[in-house]
Amino acid sequence: MSNQAAWLYGPNQLFRVGSAPMHEIESHEILVETYSIAINPIDWKVRDYGWLINTWPMVLGCDVSGVVTEVGNSVHNFSKGDRVIGHAVSLVSQKPKNGAFQHFVAVEAAKAAKIPSALSFSDACVVPLALDTAATGLFNSASDGYLGLEWPTMGSKSDNNKIVIYGGSSSVGALAIQLAAASGAHVIAVASRRNFDFCRSCGAHEVLDYNEPTIVNDVVNAIKVAPQTHFAGIYDAISQEDSYNITVPILAQIGSGNLATVLPGPSTVPSTSKTNYVEGINDTVHRLWENFVGPALERGTLKCVPSAYVVGSGLESIEKGLEINKKGVSARKVVVEIKKEQIASGCN
Ligand SMILES: NC(=O)c1ccc[n+]([C@@H]2O[C@H](COP(=O)([O-])OP(=O)(O)OC[C@H]3O[C@@H](n4cnc5c(N)ncnc54)[C@H](OP(=O)(O)O)[C@@H]3O)[C@@H](O)[C@H]2O)c1
């Protein structure tokens, strides 16, 4: 067996496909043969600006699906041959072996889950980074500026929390809607009207259009219905000036609720709110990978959304994938198929 990777040699360069070592895994890792990868905005941001990377060349890529080929000594929940998704973390580890854009990637077992046999690798790979990013903001403590929701369980739940997911049709937003709904919260999503049905299919109880000039009041009124509920706050899955012009005034009018952001936060928030920036690669949501992701995918409680938009095959297509993502997508996730899955055929 040999390995190949899409190497990035520095900021503002093109990927170069070339040979890579066959990685030695650490005891907490699994080696995954890559079948599909998903593209995220951070991939082209790192390519264009060199953010986060201390050592070049590097292998980027956060979302991988494939088949386990090696299992670390201290890993007991995976075996060779398992079909899995994993969150690849080279942006934090600074090790090329942990980037998804290669044929064999070392994945932390605590950031991986088995996937059902009926789920294709391309459909499944849309989940990992968005899941970790959504969960970190939703379930970490409100005293730290996050939203402090209950952890989701496999049974259906309903609690007293109400939450707004701003940017519900984005990749992170769609996972945030699903996880917040699975935790039992009442979810108000904000998205373009064309994506209302999509947000409802993820579990949103209400959806409002951010293009309406009345959006701040629309959301405030929706929060104020059933005042006995606890307003946890807003997960801002867009976190740009446009969105802060909406999310911060909502918090000011309500007079409570935190703001979790996926990019650096607004310059100020009301004194009644706390805010915190979500780092999608962290170790605070491992319990979700361990207890929830696999069974929830199996039962269809967790859907692989936004749906995969396969733009090419092979490591050479990754550059094209980054360009398509950079131009902007709406309720879909750019995916590149790295290896074709052989579908077992019957006897006839
Ligand atoms: N901090 C972290 O660890 C972390 C992790 C992952 C992502 N991120 C960041 O999170 C952001 C979202 O990433 P993603 O992959 O989820 O994005 P994405 O799927 O590419 O986002 C596309 C969606 O954004 C929506 N959108 C665009 N502008 C909007 C606005 N002004 N208001 C409301 N919705 C808007 C669009 O909605 P409509 O089509 O409905 O209009 C579209 O569906 C990126 O900046 C990314 O870098 C951060």
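## Surroundings of the ligand

A residue is counted as near a molecule if one of its heavy atoms lies within 4 Å of that molecule. In this predicted model, 26 residues surround the ligand. The closest of them are Ser169, Ser192, Tyr210, Gly280 and Ser330.

Several polar atoms of the protein face oxygen atoms of the ligand. In the side chain of Tyr210, an N or O atom is 2.5 Å from a ligand oxygen. Arg194 places a polar side-chain atom 3.0 Å from an oxygen atom of the ligand. Ala331 takes part through its backbone, where a polar atom is 3.3 Å from a ligand oxygen. The ligand taken alone exposes 940 Å², and the protein buries 86% of that area.

## Contact between helix 1 and helix 10

Two packed helices are described by the angle between their axes and the distance between the axes. Helix 1 spans residues 41-49 and helix 10 spans residues 318-327. Their axes come within 9 Å and cross at roughly 105 degrees. Angles of 65 to 115 degrees count as roughly perpendicular, and helix 1 and helix 10 are therefore roughly perpendicular to each other.

Helix 1 contributes Pro41, Asp43, Trp44, Arg47 and Asp48 to the contact, while helix 10 contributes Glu319, Leu322, Glu323, Asn325 and Lys326. Sorted by class, the contact contains six charged residues, three nonpolar residues and one polar residue.

## The loop that holds Ser170

Ser170 is located in the loop between strand 9 (161-166) and helix 5 (171-182). Its side chain reaches the backbone oxygen of Gly167 at a distance of 2.7 Å. When neighbours within four places in sequence are left aside, Ser170 is in contact with Ala237, Ile238 and Pro306.

## Backbone geometry in loops

Most residues other than glycine have a negative phi, and most peptide bonds are trans.

Pro306 belongs to the loop between helix 9 (286-299) and strand 15 (307-313). Pro57 occurs in the loop between helix 1 and strand 4 (58-59).

Leu52 is also placed in the loop between helix 1 and strand 4.

Conventions: Residues are numbered from 1 along each chain as its sequence is written. This is a predicted model: local features need pLDDT of at least 70, side-chain atom pairs count only at pLDDT 80 or more; totals for chains, interfaces and linings use all residues. Side-chain values use heavy atoms; hydrogens and water are left out. Axes are lines fitted to C-alpha atoms, for helices over the stretch in contact, and angles run from 0 to 180 degrees between N-to-C directions. Helices (H or I, at least four residues) and strands (E, at least two) are DSSP runs, numbered from the N terminus. Angles under 35 degrees count as roughly parallel, over 145 as roughly antiparallel, 65 to 115 as roughly perpendicular and the rest as oblique. Contact means heavy atoms within 4.5 Å. Ala, Val, Leu, Ile, Met, Phe, Trp, Tyr, Cys and Pro count as nonpolar, Asp, Glu, Lys and Arg as charged, and the others, Gly among them, as polar. A polar contact is a pair of N or O atoms within 3.5 Å; within protein, one must be able to donate a hydrogen and the other to accept it, and residues adjacent in sequence count only if both atoms are side-chain atoms. Accessible areas come from the Shrake-Rupley method with a 1.4 Å probe; for residues, only the protein chains shown count as cover.
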